[in-house]
Amino acid sequence: MESLVSAGLVSAFTEKITANYSAEDRERIRQALSWAEPHSLSQTLGVAVILGDLNMDADTIIAVLLQNSREGAALAVAEKFGKDTALMVEGITRIADISAKNKTNHEAENIRKMLFAMVSDIRVILIKLADKLYSMRTLAAPGPADFSPKAIAQECLDIYAPLADRLGISWMKDELEDLSLKHLNREAFLQIKEIVSLKKGERRDFLEKVRLTITAEAKAAGINIEVESRAKHFYSIYQKMRKRNKAVEDLYDLLGIRILCNSIDDCYNLLGLVHRLWKPLDGRFKDYIAMHKANGYQSLHTTVMVSAGDEGRLLEIQIRTREMHHIAEYGVASHWFYKHKAGNPSIVNRLEDGFSESFLEDIKRDLLKDSIYVFTPQGKVIELPIGSTPIDFAYHIHSAVGDHCAGAKANGSIIPLS
């Protein structure tokens with residue numbers, strides 16, 4: 001294996017598998033690795049490491065290793081590794097060729113819907129996202145004439161970053177957006193990187209003073225907290241530049257503090273504490289605890305004006321419980337994390353309710369509503385009302401196609417025109 005992929009990648013995969021899985025699961029994963037196709041092993045292992053970071057279950061890792069199995073191997077996969085794994089491999093194959101290069105926003109949204117419509121296991125979507133993330137991490141400069149890093153980056157920005165957001169995996173969404181920006185507008189990316197780097201020391205000192213102030217006040221109030229400082233990710237800074245028509249050096253709200261605590265009551269008490277320390281900005285408070293986002297995200301957001309020498313500085317503060325934070329970072333994958341780590345049983349039970357098959361069905365109901373999505377032979381996605389027939393599809397393409405329609409295939413099988 002070492003001769004086909006980098007030693008670093010092999011080491012990362014081995015370390016992740018050793019740390020995350022039981023002896024029985026490790027043996028199953030090793031067996032799957034021996035079945036993996038050598039020509040795609042680098043990509044396969046890279047994707048497996050990302051899914052290991054998400055603490056996905058062994059079946060997911062095995063499905064990734066077997067995704068390029070020889071045609072006709074489905075029965076053997078089911079017999080050796082289980083029906084769930086075989087169905088995941090089948091799902092990966094079904095959505096493998098979905099592409100959205102140079103599509104409109106509407107078509108990109110249809111493709112996101114199509115991805116959900118085509119899978120019966122949410123883990124297939126997570127595998128697809130991990131695959132795209134690894135591809136973006138290793139995306140090279142222009143090569144062959146038909147290879148376009150910008151087109152690939154645009155597809156990621158249009159399809160896969162919003163998909164990660166819909167599933168609540170914020171770190172993955174942020175990284176996909178930043179990597180896309182790097183290829184789509186390298187000049188802006190490097191400019192933002194330089195400005196952020198130049199102000200790193202100044203920012204660190206300022207945020208450390210804020211952290212010490214909040215920590216002291218929380219301790220006096222008897223609230224146990226952790227305070228994390230952060231800079232906005234590059235793509236969100238780029239969006240602010242465009243929205244406000246300003247250069248990056250003219251933006252002041254690029255700093256952020258995140259406060260983690262133990263309970264919802266602590267969240268609201270800390271909000272009052274922060275607003276007593278610093279003046280909040282009107283219209284910049286959001287309560288995502290009382291009204292959480294569709295992807296399960298919960299947090300309090302406020303922006304305050306903090307004195308810094310002779311001038312004030314805008315600072316965005318997020319307040320959430322530690323449980324909310326993990327769900328904010330890992331979204332739907334939190335289900336497997338808590339189950340894997342044998343954590344708080346109440347959390348596992350709640351996530352079982354929220355992130356099981358019913359979660360996927362809820363997304364489908366929300367996204368697909370009263371529509372079905374059909375591919376043309378050229379790969380364009382057509383939205384039709386539920387109950388549409390192949391004849392409706394034919395006429396949607398062109399009246400002449402409808403007039404001469406004599407038969408139809410769906411998913412490779414001949415179906416009646418009715």
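1. Overall composition. The model is a predicted one, and its secondary structure comes to 20 helices and ten strands. The protein has 418 residues, of which 48% count as buried. Its accessible surface comes to about 21300 Å², and carbon and sulfur atoms account for 51% of that area.

2. Sequence range of the contacts. When contacts are taken between residues at least 6 apart in sequence, 65% of them join residues at least 24 apart.

3. Helices α1 and α2. Helix α1, residues 7-20, packs against helix α2, residues 23-35, at an angle of about 150°, and their axes are 10 Å apart. Since angles over 145 degrees count as roughly antiparallel, α1 and α2 are therefore placed in that class. The crossing of these two helices, α1 and α2, is right-handed. On the α1 side the contact is made by Phe13, Ile17 and Thr18, while α2 supplies Arg26, Ile29 and Leu33. By class, the residues of this contact divide into four nonpolar, one polar and one charged.

4. Helices α6 and α8. The axes of helix α6 (residues 83-95) and helix α8 (residues 122-137) come within 9 Å and cross at roughly 50°, and α6 and α8 are therefore oblique to each other. The crossing of α6 and α8 is right-handed, as is that of α1 and α2. In this contact Asp84, Met88, Gly91, Ile92 and Ile95 of α6 meet Arg123, Val124, Ile127 and Lys128 of α8. The contact of α6 with α8 has five nonpolar, one polar and three charged residues.

5. Asn55. This residue deserves a look at its backbone, where phi is near 60°, a positive value in a residue other than glycine. Asn55 lies in the loop between α3, residues 41-53, and α4, residues 58-65. Although it sits in a loop, Asn55 has a relative accessibility of 8% and counts as buried, because the cut-off for that class is under 20%.

6. Tyr330. Tyr330 belongs to helix α15, which covers residues 322-330. With a relative accessibility of 23%, Tyr330 counts as partly exposed. Leaving aside residues up to four places away in sequence, Tyr330 touches Asp53, Leu54, Gly168, Ile169 and Trp171.

7. Tyr373. Strand β7, residues 371-375, contains Tyr373. Tyr373 is buried, with a relative accessible area of 9%, whereas Tyr330 is partly exposed at 23%.

Definitions and conventions. Residues numbered from 1 in each chain as written. Predicted model: local features only at pLDDT ≥ 70, side-chain atom pairs only at ≥ 80, totals over all residues. Heavy atoms only, no water. Helix = DSSP H or I, 4+ residues; strand = E, 2+ residues; numbered from the N terminus. Buried < 20%, exposed > 50% of the residue type's maximum accessible area, 1.4 Å probe, protein only. Contact = heavy atoms within 4.5 Å. Areas by Shrake-Rupley, 256 points an atom, 1.4 Å probe, with all protein chains shown as cover. Axes fitted to C-alpha atoms, helices over the stretch in contact; angles between N-to-C directions. Parallel < 35°, antiparallel > 145°, perpendicular 65-115°, else oblique. Left-handed = near helix turned anticlockwise from the far one by under 90°. Nonpolar A, V, L, I, M, F, W, Y, C, P; charged D, E, K, R; others polar.
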